[in-house]
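Please keep the sequence and the 3D view open while reading.

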Amino acid sequence: MTKRSVDVAIIGGGAAGIAATRKLTAHGVDCLIIEARDRLGGRACTIRHPSGYALDMGCGWLHSADCNPWVAIATAQGRSFDKALPPWGRTTMTEIVPAKTQRAFRAAMGELFARVSETAATGDDRPISDLLPPNGKWNGMLNAVMTYIAGAELDRMSTIDLDRYDDTELNWRLVDGYGAMIASFGEGLRAVLECPVTRIDHSRKRIAIETSRGDFDANRIIVTLPTSIIGDNENLFHPALPAKTQAARGLPLGLDDKLFIALDNAEEFEAESRVFGRTDRAGTGNYHFRPFGRPMIECYLAGRLARELEAEGDAAFFDFAVDELTALFGSGFDKRLKPIALHRWGADPYARGAYSYAIPGAADQRAALAAPVDDRLFFAGEACSRHDFSTAHGAFVTGVEAADRVLAAHRL
Ligand SMILES: Cc1cc2nc3c(=O)[nH]c(=O)nc-3n(C[C@H](O)[C@H](O)[C@H](O)COP(=O)(O)OP(=O)(O)OC[C@H]3O[C@@H](n4cnc5c(N)ncnc54)[C@H](O)[C@@H]3O)c2cc1C
């Protein structure tokens with residue numbers, strides 16, 4: 001029987017919720033994760049392919065590996081890291097895009113980032129698309145790469161928020177999956193699964209957490225729900241918390257869907273190489289060949305394109321990728337391809353997107369989202385992070401910070 005009255009309830013058991021609960025549990029706090037899915041991990045999700053490969057459908061890269069707190073946890077779990085240079089750090093597929101062209105594009109990307117920093121320093125939070133040179137040769141490609149990174153096109157993205165993003169540019173992976181490692185870190189924590197929270201009533205001394213499987217109550221809560229869930233539901237909190245709804249709406253989730261495709265005679269391609277389907281528009285795929293040296297292509301389809309493909313159904317992703325790859329590698333290439341796995345994060349009812357970006361003018365909403373209410377409602381999750389938003393390590397840090405705030409409130 002699950003205990004329904006606890007000291008602290010953690011709403012959502014992804015990276016942030018697990019990190020918060022671990023910390024509270026270590027301090028002897030009576031706490032419980034209330035999670036909608038039948039598993040912990042949220043947007044960190046590894047599936048096992050019948051061939052034995054672990055496939056990360058959500059986070060895969062331990063970004064900023066030299067200061068990423070998950071690295072120590074993965075090490076303690078005895079996991080194997082892959083420290084190969086990521087495809088975006090290499091010059092690859094020169095038969096499709098000559099090395100000189102790739103260098104020129106990198107220079108254009110550097111110039112765009114420099115303009116982002118200069119503009120952000122003035123406090124002018126305009127859409128990043130305003131900073132593209134008129135009729136710039138690389139504008140389509142810049143938009144494609146940024147849409148893949150952020151899940152949203154440049155016309156929707158805040159200059160100041162992007163400028164605040166921090167990255168040490170050391171990127172590692174886990175052979176058995178980032179999602180699997182995060183889920184393992186949650187093992188043994190008290191959690192109730194398949195229990196979507198529908199309303200949080202904080203009008204009385206004890207907070208009532210209404211779920212599809214009955215009510216729970218707690219003295220304090222940590223809310224780690226994705227911004228899509230908070231922003232779409234004005235009635236989630238009672239009394240309403242319009243500042244939270246507004247903050248969440250300023251930080252929508254972009255979309256990035258991963259499709260894995262098996263590739264025959266894969267050795268023809270260099271391991272960890274990549275190519276974009278097109279260089280002239282944002283709506284194109286990013287194709288990572290032979291990740292970990294495996295005989296497959298990891299395809300990223302992002303932004304508005306991914307929304308459109310999701311509306312058409314699973315098959316549309318594979319068809320789109322095959323069309324682009326055949327256009328690059330010649331007719332007959334399609335015969336070498338077979339779909340393996342896809343997760344549609346936009347259609348996922350407990351994510352409704354991939355990771356957060358700030359719309360122009362909303363960069364400071366991250367702090368507004370993270371701010372506690374009455375020392376009883378605390379907030380965590382990747383969108384609350386000022387410098388590491390959209391990442392699993394950013395989520396971790398916000399979870400620990402929220403737990404620290406709960407512990408401090410307990411001592412009052
Ligand atoms: C395709 C993709 C690729 C990515 N790649 C990377 C990467 O390479 N590196 C990286 O660092 N990050 C990456 N990310 C981002 C990273 O996965 C997320 O930032 C991180 O996992 C978010 O953790 P969180 O705890 O903030 O949110 P979540 O993981 O979303 O946790 C929130 C939890 O709340 C639950 N929930 C939702 N609604 C309810 C409800 N009503 N009641 C109860 N529970 C509910 C959810 O099921 C979920 O478990 C990627 C994400 C995606 C989708």
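Ile221 touches Val8, Ala9, Ile11, Ile200, Ile207, Ile209, Leu377 and Phe378, leaving out residues up to four places away in sequence. The model is a predicted one. Ile221 also belongs to the group of residues that touch the most other members of the largest nonpolar core.

**Nonpolar core**

- The largest nonpolar core has 122 residues.
- Val8, Ala9, Ile11, Ile209, Ile221, Ile222 and Leu301 touch the most other members of this core.
- Helix α4, residues 139-150, gives the most to the core, with 8 residues.
- Both domain 1 and domain 2 supply at least three residues to this core.

**Domains**

- The domain assignment divides the protein into domain 1 (5-44 + 67-82 + 173-252 + 359-411) and domain 2 (87-170 + 256-342).
- The centres of domain 1 and domain 2, taken over C-alpha atoms, are separated by 30 Å.
- In the contact between them, domain 1 takes part with 12 residues and domain 2 with 12 residues.
- The side of domain 1 that touches domain 2 is made up of 7 nonpolar, 2 polar and 3 charged residues.

**Packing of α1 and α12**

- Helix α1 (residues 15-26) packs against helix α12 (residues 392-411) at an angle of about 40 degrees, and their axes are 7 Å apart.
- The crossing of α1 and α12 is right-handed.
- From α1, the residues that meet α12 are Ala15, Ala16, Gly17, Ala19, Ala20, Lys23 and Leu24.
- Their partners in α12 are Ala392, Ala395, Phe396, Thr398, Gly399, Val400, Ala402, Ala403 and Val406.
- Sorted by class, this contact holds 12 nonpolar, 3 polar and 1 charged residues.

- Gly12 lies in the loop between β1 (5-11) and α1.
- Gly12 counts as buried because it has 27 C-beta neighbours inside 10 Å, where 20 or more are required.
- Apart from neighbours within four places in sequence, Gly12 is in contact with Gly17, Glu35, Gly42, Thr224 and Leu225.
- Gly12 and Gly140 are 128 residues apart along the chain, and 37 Å separate their C-alpha atoms.

**Helix α6**

- Helix α6 (residues 178-186) is largely enclosed by the rest of the structure, because 8 of its 9 residues are buried.
- The buried residues are Tyr178, Gly179, Ala180, Met181, Ile182, Ala183, Phe185 and Gly186.
- Gly188 follows α6 and has a positive phi, near 90 degrees.

**Backbone exceptions**

- Most residues other than glycine have a negative phi, and most peptide bonds are trans.
- Glu194 has a positive phi, near 50 degrees, and is found in the loop between β8 (191-192) and β9 (197-201).
- Glu272 has a positive phi of about 60 degrees, and its place is the loop between β14 (256-263) and β15 (273-276).
- Which of the two counts, buried or exposed, applies to Glu194, and which to Glu272?
- Glu194 counts as exposed because it has 12 C-beta neighbours inside 10 Å, whereas Glu272, with 20 such neighbours, counts as buried.
- The peptide bond that joins His238 and Pro239 is cis, with omega about -5 degrees.
- Pro239 is in the loop between β12 (237-238) and α8 (242-250).

How values were computed
Residues numbered from 1 in each chain as written. Predicted model: local features only at pLDDT ≥ 70, side-chain atom pairs only at ≥ 80, totals over all residues. Domains from an automatic or database assignment. Contact = placed C-beta atoms within 7 Å. Nonpolar A, V, L, I, M, F, W, Y, C, P; charged D, E, K, R; others polar. Core = buried A, V, L, I, M, F, W, Y, C linked by C-beta atoms within 7 Å. Helix = DSSP H or I, 4+ residues; strand = E, 2+ residues; numbered from the N terminus. Axes fitted to C-alpha atoms, helices over the stretch in contact; angles between N-to-C directions. Left-handed = near helix turned anticlockwise from the far one by under 90°.
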